[in-house]
Amino acid sequence: MNIVKFGANISHLRKERDMPQSVLADKLNVTRQAVSKWERGEGFPDITILCEIANIFGETVDKLLNAGEASGNEAAILVSVTQNLEISKEVFADKSVIDDIINIAPYLKVSTLSLIAEQLAKHNIDISKLIELSEFMNDESIVKLFQSSDFEKLDDKLLERLIPFLDRDSVYVVLGKIMNGENGTGLLKVMEPYIDYSLLEAIWIQGVLE
């Protein structure tokens with residue numbers, strides 16, 4: 001999503017109608033400074049008022065978003081969110097959808113991303129992508145996505161960034177994969193502060209740890 005082009009389009013539509021920024025701001029119940037930021041590409045309007053902007057200019061939400069060069073998936077997700085519709089299953093079937101969600105995550109509410117996470121969790125996502133989403137999602141959503149992720153790409157650096165958001169069960173899922181030889185024992189150094197010493201001792205007795 002190119003918010004600079006999106007903002008330029010809002011500016012163009014407003015000027016076409018000889019409308020001052022202050023008038024558009026009043027119609028949307030926001031400050032003139034907020035409208036100015038959108039038009040300069042320094043911010044993006046709250047998703048909930050995209051429909052209002054579209055109505056004011058006699059446009060569809062799709063057209064507003066397409067002017068910002070939103071991809072097919074980005075536009076489909078944003079339009080569904082603005083209209084309180086369920087996001088199409090076809091969107092989540094696209095393997096590149098995770099990148100589209102990362103692109104628009106800064107403009108979505110945490111609660112909206114939680115609903116999106118419910119759908120994403122049904123697919124095996126690249127665990128490295130979860131890092132990029134973690135700053136926008138609540139811990140519960142991160143845990144759901146983590147447990148449905150592809151653990152093959154999990155290394156100590158990824159785990160170090162994710163583990164503060166994970167619950168006890170998720171940590172033990174990783175531990176179980178280490179015990180089964182699916183992940184390397186190097187991850188245990190990162191996990192040590194998050195698991196009981198007695199459990200580490202039991203793993204050592206079983207010969208998993210030197």
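The buried residues of helix 6 pack against helix 4 (50-57), helix 5 (61-67), helix 7, helix 8 and helix 9, where contact means heavy atoms within 4.5 Å and buried means under 20% relative accessible area, against over 50% for exposed and partly exposed in between (1.4 Å probe, protein chains only). The helices (H or I, at least four residues) and strands (E, at least two) are DSSP runs, numbered from the N terminus. The model is predicted, so that local features need pLDDT of at least 70 and side-chain atom pairs count only at pLDDT 80 or more, whereas totals for chains, interfaces and linings use all residues. Residues are numbered from 1 along each chain as its sequence is written, and side-chain values use heavy atoms, with hydrogens and water left out.

Helix 6 is mostly covered, with nine of its 11 residues buried; these are N73, E74, A75, I77, L78, V79, S80, V81 and T82. After helix 6 comes N84, which has a positive phi, near 55°.

Two pockets are compared below. A pocket is defined on a 1 Å grid over the protein atoms alone as an open set of points where a 1.4 Å probe fits, with protein on both sides within 12 Å along at least five of seven lines, and its lining residues have an atom within 4 Å of a point. Grid points are joined across faces, edges and corners, and a volume is the space filled by probe spheres set on the points. In the lining counts, Ala, Val, Leu, Ile, Met, Phe, Trp, Tyr, Cys and Pro are nonpolar, Asp, Glu, Lys and Arg are charged, and the others, Gly among them, are polar.

| Pocket | Volume | Lining residues by class |
|---|---|---|
| Largest pocket | about 250 Å³ | six nonpolar, four polar, two charged |
| Second largest pocket | about 200 Å³ | six nonpolar, two polar, four charged |

The lining of the largest pocket includes S80, V81, N84, F92 and L115. Helix 6 (72-82) and helix 9 (110-120) each supply at least two residues of this lining, and the largest share, five residues, comes from helix 9. For the second largest pocket, the lining residues include F92, D94, K95, H123 and D150, while helix 7 (89-93), helix 8 (97-104) and strand 1 (125-126) each contribute at least two residues.

Elsewhere in the model, Y197 is found in helix 15 (residues 197-205) and is exposed, with a relative accessible area of 63%. Y197 and D94 are 103 residues apart in sequence and 43 Å apart in space, C-alpha to C-alpha.
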